[in-house]
Every structure is written in structure tokens, then in C-alpha cells.
Amino acid sequence: MGQSPPMHALFEDAGKFLAGRILSEADASSQIELASGKRVKVKAAHILLKFDKPEPAELIAKAEAIAATVELDLAWEFAPEEEFGFADIARDYFSESAPLTEQAGMLFALYGAPHYFRRAGKGRFKKAPAEVLQQALAAIEKKKQIQAQIDAWAQELVAGVTPQAIRDELYKILFKPDKNAPEYKAVVEASRSAQKAPLELLQAAGAIDSAYQFHWKRFLFENFPKGTRFPDVTAPQPPSDLPLAPVQAYSIDDSMTTEIDDALSVQGLGTGTVTLGIHIAAPGLAIEPGSELDKLGRSRLSTVYMPGYKITMLPDEVVQIYTLDEGRANPAVSLYVTYDEVTLEVKDKVTKLERVPVAVNFRHDKLDHIVTEEWLHNPSMLVEGTPPELQERRSEL
């Protein structure tokens, strides 16, 4: 009596199809030996085909080749509306006598096209609704187009040319990338292809025109990602019910300063007892906590100063309402220190909230222009503490 040929099984394991020789079978599982010699325990529900020939490796190779020829649109048309098995549609698609290799090929094709066919378990499927299929196919086509664009951009970068789309997103790509963005993917792909670091690649492709601009824009990108422009805000007027300080204050800043936030005053020169006033602008007396203006100031926290330029904490039209401009009396926190003019012993200290009249905004980098004809001819400008040289110049006029 002849020995029965060995029985093989095709099964699915973690999304992959494997085949091997059945060593033993039970109701719930089988012991299967793979071509590598490894033995695995496979649940009965995962075994999709049993066969005696061809050899497992040959079956999988032929099935994969056949799967690549399956026209999915046609297979979807052949498929019934109700749930079906892969062998059933293989017989409808190929022939009534579709051999094992064609059945396995159809299984692989259906399994690899979830947008056409939904898996229902143990080799069974259900065709996707037409509208869902069309949406899926459109998404796949869009993905192909995006990938084609990524490939084209990457080729340009490797060739030493920076596409405009990459240039527009340069700082985002380098410093805060969206790793799903096609521009970023193109740089990564080109970087790997050219075997250069992204920054070196982009520099070689001419993306960085100026080292200064590169660092400046990086600073803006990291610290002002929404830009340096201000939203529209309405600034309340400073309170007018504060007492008016009996002083004439002066500020000293450079000519670029637009936020005059401190000033000085002196009373009693030559009397033996001198009172020095230090006055700090107090816009907080007008800006309500939680208001839009308050939120804006909190978001920036400070004015950014740099040589020849600055980015203010608040809009200039807001600043001008509270600044200690000459000819005005805006709210300030004043510290008055009274001391002996000879010994400099401190006699008294007091702090007040008040409106401080500012006589002059001196600019220390334009001292030659301070003494103008208007200043010298204006009697109201001759206040207590005016330097003797200015008084002498005035008398000459």
C-alpha cells in the first residue's frame, strides 16, 4: 500500500501569507513546518488552503505573479454584493476550474486591495460601496501625485536648484518641520540621495542667499512664528484724576527711542536740600488685566532691542498714549528722594502715583541739535535746574 503524499497548508500570519508542510493536525490548530525548518503552531481559523502540490514555495511564487495581473476594477465588478470567499471570485474571474495557484493569486490580490475589498476573516471579503471606492481611489491618485512632486523636488535639490515651494518653507523645514509635509519629505529624500546634511544640501542648492537673513529669519521664526505685526487693539486713555506733580521732568534717551518710559526731575538746587524725582511711566493704570491689550503685552513680555532696530512689545499708536512725551503729563510712578545738597545724606523718600509734566525729551546722540532756536526762545522751557551754559546762550539771544 503506497504512502500518502505530504499535505501542505497556506496560512496568514500577522498580515503575511506563509506555506509549509503539515506535521500534525488537531481541531483547533496544526503544527506546520516552514521551508526554513522552523515549526509553528497555526490556528485552524488562519489556514486558508490545504494542498499536496505544488511545493509551498512554488505556490506562493506563482500566486504572487498571478495577483499582479488581476484587474481590480474587473474583479470588483465580478464580486457579488454579499460576502464571498476568494475561491468563489477566482472561479468567476478566471474560470470555473480555476486551479489552486489562481485561487491563491486571487486571495493575494484581494488581500492587497482593502480599498476595493473589505476583509471579513478566513479568506472572506465584501466589496466596498461604489462611493467609498471612488473616494479611496481619488485619495490614492492624490498620494501618487504628491509623491511624484516630492521626487521632482528632490531631483532639483540634488541638482543644485531650490524649488520655490521649498524656499517658501525653508525655515519651517529646518527648525520646526511638519514631517508629513511634501516639502520636508523632498528635502529628506534629496539629503539621503546626495548624502549631505539638510542644511548643507540647501546651502549648496542656493536656498540661503544671506547668512544675515538666515539668522534673522530664524530668530523671527522661532520667536515670532505669527509675524511681528500687531492685531487691532483699542487702547484706553490714561486716567486723568491723578494729581499733577509740581515738577518739570526730563527724559534722556537716544534718537531711536519711541517708548519714553522714564524721566528725571530735580527740585531745590542751591537751597541746601534737593529732591530728586525718578518717574516711571505707568500704563498699567489704564490697561485692564485680561483685556486684549493686556494679553498682547503678556504674549510678548518685552521690546526686543538690537543695533539699529527693535520690535516693540506694544503697537506704536498704543505706546504714544502712555509714553512720557514732552509737553504732556501722563501717569507715572514717582520716587522722590530728598537729600542734603552738601553731605548727600538722605533725608526722606516717598513714592507717589501722579501725572508728571515732561519738559524735554533729551536725545543723547543728538546733543548738538537740542539747543534749537525754538527751545531757546520759549520762556516756558527755562525751568529750575537749567544748566548755566544754556542760560548764558539764552542771554546772548
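## Where H8 sits

H8 is buried, with a relative accessible area of 3%; buried here means under 20%, exposed over 50% and partly exposed in between, using a 1.4 Å probe and protein chains only. This is a predicted model, where local features need pLDDT of at least 70, side-chain atom pairs count only at pLDDT 80 or more, and totals for chains, interfaces and linings use all residues. Residues are numbered from 1 along each chain as its sequence is written, and side-chain values use heavy atoms, leaving out hydrogens and water.

H8 belongs to strand β1 (residues 8-13). Strands (E, at least two residues) and helices (H or I, at least four) are DSSP runs numbered from the N terminus. Leaving aside residues up to four places away in sequence, H8 touches G20, R21, I22, L49, K50, F51, D52, P54, E55 and P56, a contact being heavy atoms within 4.5 Å.

## The sheet

Five strands form an open sheet with antiparallel pairing, in the order β4-β3-β2-β1-β5. β4 (39-43) and β5 (47-51) are at the edges with a single partner strand each, so one side of each has no neighbour in the sheet. On average, neighbouring strands are turned by 40 degrees against each other, direction ignored.

Pairing requires at least two DSSP bridges between two strands. β3 (residues 29-33) and β4 pair in the antiparallel sense over 5 bridges, and Q31 has K41 in β4 as its bridge partner.

## The helix across it

Helix α1 (residues 56-67) lies across β1, β2 (16-25) and β5, at about 155 degrees to β2. Axes are lines fitted to C-alpha atoms, for helices over the stretch in contact, with angles from 0 to 180 degrees between N-to-C directions.
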